Amino acid sequence: MQRTLERYPWARLSDERGNQLELRLLLDGAGEEGRAWIVSAKDASRLPGPFDGDIYVALGQLHNAQIPREKRGELRTVQTSFQELATLMSRERGGTTYAAIRAGLERLADVSIRAVQTWREGETIAEERRFHLLESVTYRHRRDREEGGTTISVRFAQEVAQSIAEDNIRLLDTARYFALETPTAKRLYRYLDLRRWRGSERLPDVTVTLMELAHHLPIDRSAPSHIRRTLDPAHELLIAEGFLTAAEYQEVPVPGKKRPVVLVRYEFARPTLPTPERPTAAPAPTPGPDRGADYVRDMVAEILGTLRDDHSVGFYVQVVKAMPEDVLRNVLGGVRQAIREGLPLDAARK
């Protein structure tokens, strides 16, 4: 479900059309009886927007940092504060931001998502499921009302927490996400960061139709030229950030139709992996009895259990083979201590 939340929109990119109460995405041509994704606001509220999406990403970061892997699904409440959320979101701390965070948390708790025939069992059974993102939000205030004196307890909905426990997630680079300056760039980054993986294989590029992209972000435009004008600044930001190396449009003629189909091809930047430093006076370690397959396997498993970054297995194998065991264990111990002291996992990993 977490991957589904990245792939399908549940928050609008802007409020240009006012306080919309519903967002609907048909996933095939069968209409109401086919596959659909429907997001509804509660009563007179409005759908979540870009700011609320930032709150959800920050809450996911806290979930990964606070809840041990073996307890996910069983534990689904995170503790935070207005000050911490504002800091994670790279927002100014203060009353205006805190009021916006409170309103955003309430929208995340109220919004309802209905997935029609998205989860299937075999070829004959289809399912319709309605769920929320958050089950509850509780505020505990201090009498002296000191800055940061309010503790916020956020409980994820059971469906979302169970999906996280089943590893149906993508570990987002939140530092890169919050560095992006526009809602379109952030949403596009989350969408493409999911699409560039096929299982454990990192794809060098992906191609998406322009209209599909507009539906999945979503962009409230119908003309291809308007959609492109909305996307172009986001493309520039993602290239400047080093996530993409190219974003190219291509028009493909369709027999029997006047307008061609517009495709967008995204080429991803290759990850730059740091080279482990080693003392210049000491020779490079060579694999011995303690550097055999069992040692490498167990040490990599320990690293993954701490850093929770399954897509970097190849890099960790090379690190384990190259670095002394005492150095590796000192680094892992420092990361674990930082997490226990409340440092978010992404920051501790860096």
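**Pocket lining, nonpolar cores and salt bridges**

The lining of the second largest pocket comprises seven nonpolar, two polar and four charged residues, where Ala, Val, Leu, Ile, Met, Phe, Trp, Tyr, Cys and Pro count as nonpolar, Asp, Glu, Lys and Arg as charged, and the others, Gly among them, as polar. The model is predicted: local features need pLDDT of at least 70 and side-chain atom pairs count only at pLDDT 80 or more, while totals for chains, interfaces and linings use all residues. Residues are numbered from 1 along each chain as its sequence is written, and side-chain values use heavy atoms, with hydrogens and water left out.

The second largest pocket holds about 260 Å³ of space. A pocket is an open set of points on a 1 Å grid over the protein atoms alone, where a 1.4 Å probe fits, with protein on both sides within 12 Å along at least five of seven lines; lining residues have an atom within 4 Å of a point. Grid points are joined across faces, edges and corners, and the volume is the space filled by probe spheres set on the points. Of the 13 lining residues, P224, R259, P260, V261 and V262 are the closest to the centre of this pocket. Two or more lining residues come from each of α8 (210–216), α9 (224–240) and β12, and α9 supplies the largest share, three residues. Helices (H or I, at least four residues) and strands (E, at least two) are DSSP runs, numbered from the N terminus. The loop between α8 and α9 contains P218, and the peptide bond from L217 to P218 is cis, with omega near -10°.

The largest nonpolar core has 74 residues, of which L59, L105 and L133 touch the most other members. Such a core is a set of buried Ala, Val, Leu, Ile, Met, Phe, Trp, Tyr and Cys residues joined through side-chain atoms within 4.5 Å; buried means under 20% relative accessible area, exposed over 50%, and partly exposed in between (1.4 Å probe, protein chains only). Helix α2 (residues 50–66) makes the greatest contribution to this core, seven residues. Beyond its neighbours within four places in sequence, L133 is in contact (heavy atoms within 4.5 Å) with L5, W10, Y56, L108, V111, I113, F156, A157 and V160.

Across the whole structure, 17 salt bridges are found, each a side-chain nitrogen of Lys or Arg within 4 Å of a carboxyl oxygen of Asp or Glu. One of them pairs E135 with R155, with the closest N and O atoms 3.0 Å apart. This pair joins strand β6 (residues 134–140) to strand β7 (residues 151–156), its members lying 20 residues apart. E135 is partly exposed at 45% relative accessibility, as is R155 at 27%. R265 forms a salt bridge with D205 (3.6 Å, N to O). D205 lies in strand β10 (residues 205–209) and R265 in strand β12 (residues 261–268), 60 residues apart. R265 also meets E267 (3.4 Å, N to O). Salt bridges with shared partners join D205, E248, R265 and E267 into one network.

Positive phi values occur at two non-glycine residues described here. S90, in the loop between α3 (82–88) and α4 (95–110), has phi near 60° and is exposed, with a relative accessible area of 53%. D167, in the loop between α5 (158–165) and α6 (174–179), has phi of about 65° and is partly exposed at 35%.
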